[in-house]
Amino acid sequence: ILIFGILIMVHELGHFLTAKLFKVKVNEFSIFMGPAIWKRQRGETLYSLRCIPLGGYCAMEGEDENSEDPRAFGNATWWKRIIILAAGATMNFLTGFLVLVILVGFSAGFQVISQPVVDSVEAGSSLEGYLQPGDRLYRIDGERVYIANDFTTLLSLDLARDGNFHVVVIRDGKQVTFPRLNVEARQLPSGDGMSLRYGINLVTEPRSLGNVLSYSAKSAVNYARTVRLSLQMIFRGELGLKEVTGPVGIVKTIADVGTQSRSVSVGIWNVLSLGAFIAINLGIMNLLPIPALDGGRIVGVLLTSGIEGVTKKKLNPKIEGYIHAGGMVLLLALMVLILFKDVIQIFV
C-alpha cells in the first residue's frame, strides 16, 4: 500500500507541477479516493488525503466542462495540455529509473555488472560451435538484448513457441544470424532454489557511474518491453483474466516476494525492484489510448484541436467528458472484477 501510495502521489505530482508551471488552476490535489481523512486549503488549491488507497487525482479547473476562467485547463494551448497529461506517466518512468539506479549503484550484488557479451562457452553446451568469445548478443526472436538478463528471459519466453530461437549476435562489427538454434537449458541450484543455465559465461566489468546509469536505463527499457509483451499476449488470447492481476494481487505478490527472500536485505532489494517494475508498468498503462486514461485524454486533445483548427469553432468539452466518464465506468467495472478474482485466489 505504501508503494502504491508513493507511485500514485508521484504520478499526480507530475500533473500538478506541470499545471502550476503553465499557470493552469488546480482546484484539488488528492492522494487516494473516497471520503477525505485530512484536507487543507493552500491558496487556490485544496490538498487532501482520502481513505480508499486506490487512485488519486489532480483536479484542474475546466478539465471536462466549459470554464470562463482564462487559467482553466481547457483554455490552455493544446501542447501545454498534452505535456500536463503526459507528465504523470513521465514521473512514473523517472521514479522507476531512479529506483533502479539506487539498487544497481548501492547494492552489494552489483560490485560487477554483466554485459551481454560472451566471455566463454562451456563444453557440452548446446551453444558450443555457434557462439564465440567476444560475440555481443543482439537479438533473440526479433527482440533486442539490452542487458545480460535479457538472454535468459527471452529464451524462457520462447516467443516463437517452437523451441527454436532466431539468434543474432554482433561479431567483429557485423551481424551474424543463427535462424533456428535449439538451445537447451540446464537446471542448477542457486541461492533461492533452481536457476536455468545455458552454458555460456558473460563478460563482467567493475561498477562505475557510467555503466550504472547505462544498466539502469536499459533495465527500465527492458521492464517496459515486458509490459508490451504481456499486452501482446493478452490481445492474442495467450493470457486470460486468470493471469491478469490488480492492486490486491500486486500487493500480495510484493508481500510474497519480500517474505520468501532468503534475507531481509534481499527482500528489500526484491520489493524495490518490483516497485520499479510497477512504476514503469503504471506509466505505460496510463499512456494507452483508452478513454479516462491519460493516453485517451491526449488522443482527445489532439482530435479536438485538429477539428477546432479546421472548423474554427470550439467544441463542447462535455462531449469528451462523457466519453472519458464512460471509459472510467468500464475501467472501474474491470477493476472490481479483477479485485474479486484476486481475493478469491488468495483464499482458494
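Predicted model: local features only at pLDDT ≥ 70, side-chain atom pairs only at ≥ 80, totals over all residues.
Residues are numbered from 1 along each chain as its sequence is written, and side-chain values use heavy atoms, with hydrogens and water left out.

**Around Ser30**

- You'll find Ser30 in strand 1, residues 26-42; strands (E, at least two residues) and helices (H or I, at least four) are DSSP runs, numbered from the N terminus.
- Ser30 counts as buried because its relative accessible area is 0% (buried is under 20%, exposed over 50%, partly exposed in between, with a 1.4 Å probe and protein chains only).
- The Ser30 side chain also makes a polar contact with the side chain of Ser48, at 3.3 Å.
- Setting aside neighbours within four places in sequence, Ser30 is in contact (heavy atoms within 4.5 Å) with Glu12, Ser48, Arg50, Gly56 and Tyr57.

**A nonpolar patch on the surface**

- Trp78, Trp79, Ile83 and Leu302 make up this patch, and together they have about 410 Å² of accessible area, worked out by the Shrake-Rupley method with a 1.4 Å probe, where only the protein chains shown count as cover for residues.
- Helix 2 (residues 78-106) supplies the largest share of the patch, three residues.
- Leu302 sits in helix 7, residues 294-311, and is partly exposed because its relative accessibility is 46%.

**Strand 4 and its partners**

- Strand 4 (residues 136-140) pairs antiparallel with strand 6 (residues 165-171) over four bridges; pairing takes at least two bridges found by DSSP.
- Glu143 in strand 5 is the bridge partner of Ile140.
- Strands 4 and 5 form a hairpin with two residues between them, and Asp141 in the turn has a positive phi of about 50 degrees.

**Ser208 in its loop**

- Ser208 lies in the loop between strand 10 (200-206) and helix 4 (209-235).
- With a relative accessible area of 36%, Ser208 is partly exposed.
- Ser208 and Gln111 are 97 residues apart along the chain, and their C-alpha atoms are separated by 9.1 Å.

Technical notes. Patch = residues over 30% accessible without salt bridge, like charges linked within 9 Å, V, L, I, M, F, W, Y side chains within 5 Å. Salt bridge = Lys/Arg side-chain N within 4 Å of Asp/Glu carboxyl O. Polar contact = N/O pair within 3.5 Å; in protein donor to acceptor, adjacent residues only side chain to side chain.
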